[in-house]
Amino acid sequence: MEVLTILIPVSLFLGALGLVLFFWTMRHRQYEDPEGDSRRILTSDWDDHPKP
Amino acid sequence: MSLAAEPETRASLSACPACVAAPSAERIAQMAAPREARLMLSIPAAHCAACISTVEQGLEKLPGVRSARVNLTLRRVLVEADPQVTAASLIPHLDRLGYEAHELDAGVLSVTDTDRQGRELLMRIGVAGFSMMNIMLLSVAVWSGATDSTRDLFHWISGMIALPTVAFAGQPFFKSAWRGLRAGRLGMDFPISLALVLASGISVYETWMSGHHAYFDAAVMLTFFLLIGRYLDHRTRAIARSAAQELAALEVPRAIRLLAGAEETVNVAELRVGDLVLVRPGGRIPVDGVVTEGTSELDRSLLTGEVLPVFAGPDRVVSAGEVNLTGPLTVRVTAAGKDSSLSRMAELVAIAESAKTRYTGLADRAARAYSPLVHLLSFSAFGYWMWATGGDVRFAINISAATLIITCPCALGLAVPAVVTAASGQLFRRGLLIKSGTALERLAEVDTVVFDKTGTLTMGTPEPTNLGDHPRSVLDVAAALAGASGHPLAQSLAMACRAGGVSPADVTDLAEVPGYGIEGWHNGRRVRLGRAEWVGAQSLDVTATYLALPDGTVAAFTFADALREGAVEVVAAVKAQGLAVKLISGDAPGAVRDLAERLGIADWTAGALPEDKAGEVARLTASGRRVLMVGDGLNDTAALAAAHASVSPATALDAARVASDIVMLGRNIAPVADALRIARKSTRRIRENFWISAAYNVVAVPIALVGLATPLWAALAMSLSSITVALNALRLK
């Protein structure tokens, strides 16, 4: 059962990492236009170089 | 990605919410710099990836436009441009690209940019979700047989994650339960809060005593599912509110007052009887009054439903809401403020609105039955087990907490929002915006549909009907004259000529004579386009404008009100659904009869005053009918408010839009029939969802009451019922 002393902190750390990433996506407003974002991926605009 | 985040990263430099509220150095710097215009337009027709590129690239090509970004979820485009660019200048461009656009109030920007409540809810969902996953890992270990110190350790770790999570993520429920309690109401949030607090408290105690069962996972899961329901609810409402109520005002409550020859702009509320008001061409008359100076024509269609503009000269009585078409008018105020016809209409609306808010939705009715029942069950379980075990408080509280948790309001909390979200998404894709939470349920009960004519079943804009009867040379002259006039008939004629490839003749010295028409010189001789008596023609009994040619001949161009797209389909579809259809208009009997015959409406009324319309709706309601009113004008406003449910187009007057439950963004009226069908379906789904969650409770509650419920049972019942309910909502097509 010694392995728990490693596994539990690891799982907690991974959970916290996920939460932090979620906060990051939210702060960058990635949930404002779910429908548009899912369509934008299909267009070829700005495929060769990023939008200035 | 990085392109999308570009403007946002600037805004989020100050990371904490408090700093965002305080004016940062960069914002002050921005204020000093010349301000750029941020315009928001609604584009209801956008629906695919190609639409995004067409609109964005089309707008970015225009001079002065810095960037355009389409939000397809909200069907909007946000344009950042130089200060001189206005929404009015962008709308024709979008029209040419094939996208109908409406301006949204700039004030909305601040509302949608900081949808704080929504983001807060999302944040809480995230916290609850991630805690739930971690606790579940530990719980599964306990369920599969961890014992003694291992189990206690897992319970302690779960508790350390769960307690802060419930305290943070459960706040919306605690707050609303507390508000309800202070107001003496026992809503749905009270049993939820009680379940959360009891489950957490009892679990801490059990863990302390190294007991077998801890409900930390149940408490967090409950929070998670309920927050999802709350978020869906919030999102539906936020989208509808920001778009429907903030469509830029068509009428500005301001007037130009003439004081000793000088013009000053004042609020309409400040006008007094006897004041002189100047109304420019294209402006709306702000008050009731009498014309003292100037001649023009008035568009009364929003007030009365008449398509034909009427002549206005000195001593003519005008009412608030009419639109001045061709020449400036000076009006002496005869009634202002409370006495004016506009404000009498507003009063009628207010009375009818207050009647409507008394409607209780299915969710509220369910909550009203649910809360007392749950409390009674849980409390009697506590009492019974206290008696049966001879005063074992720990066991009795355990049972009553398990009952509270397992009755699982999560399915109930999701039952309505999940369906409403699915339904309003469906309607939104068809260009309909729901403004009121109970609109779908009321729409589902409708058995009679009352249509207005002008602006609703018709476009309210005249279209020439006999262009083909005239020789090309006549059309050339007519096109040249009409193109220079601001009159709606002339503009429509000019547009039709352009569309037909007519090249305007060379007409010089064009001059508009307000109230009569337009004249100019062609090949050295005078030509006129305008009213029959002015050009010297015999007046026809249909809407027409007349062209006098140098050789003394007169050409008459006749017009008819164009049918709105989808008008035929909507009437047929509504009749096919077995609903009664009625047409009420303020227009002349001839025009109304023609339209009724074309659309196959047997029951029609013409020449109705605003009071008649509202009265007719009230009469139908009194005879036990549930009326859906579809209208756009000021004369429909009272009827819209009085009806059981109401729809108005986005082009309607604000008063009409405010009074209606659903705003139609597109030009096509056919989706109204779909709305009725979807509303009936979604109400059926909501009821089904209630039955599903009731069925789960019928199985799970007895198990909890006899003391056999384990945390595993609670978790299963809760997640299964929530998922079934959500899936059932998604079946809505």
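Two residues are in contact if their C-beta atoms, placed from the backbone, lie within 7 Å. The model is a predicted one, in which local features need pLDDT of at least 70 and side-chain atom pairs count only at pLDDT 80 or more, while totals for chains, interfaces and linings use all residues. Residues are numbered from 1 along each chain as its sequence is written, and chains are lettered from A and ligands numbered from 1 in the order in which they are written.

**Exercise 1. Determine the strand order of the open sheet of 4 strands in chain B, and identify its edges.**

Step 1. Helices (H or I, at least four residues) and strands (E, at least two) are DSSP runs numbered from the N terminus; two strands pair if DSSP finds at least two bridges between them.

Step 2. In chain B the order is β2-β3-β1-β4, and the pairing is antiparallel.

Step 3. Because β2 (65-71) and β4 (102-104) of chain B each have a single partner strand, they stand at the edges, and one side of each lacks a neighbour in the sheet.

Step 4. From one strand to the next, the twist averages 30°.

Step 5. Within the sheet, β1 (residues 37-42) and β3 (residues 76-81) of chain B form an antiparallel pair over 6 bridges. Leu39(B) is found opposite Val79(B) in β3(B).

**Exercise 2. State which strands of chain B helices α4 and α5 of chain B lie across.**

Step 1. Axes are lines fitted to C-alpha atoms, for helices over the stretch in contact, and angles run from 0 to 180 degrees between N-to-C directions.

Step 2. Helix α4 (residues 49-60) of chain B lies across β2 and β3 of chain B, at about 165° to β2(B).

Step 3. Helix α5 (residues 87-97) of chain B lies across β1, β3 and β4 of chain B, at about 45° to β1(B).

**Exercise 3. Describe the side of chain A that touches chain B.**

Step 1. The contacts involve 25 residues of chain A and 24 residues of chain B.

Step 2. Two or more residues each come from α1 (4-27) and α2 (34-40) of chain A; α1(A) gives the most, with 9 residues.

Step 3. This side of chain A divides into 10 nonpolar, 6 polar and 9 charged residues. Here Ala, Val, Leu, Ile, Met, Phe, Trp, Tyr, Cys and Pro count as nonpolar, Asp, Glu, Lys and Arg as charged, and the others, Gly among them, as polar.
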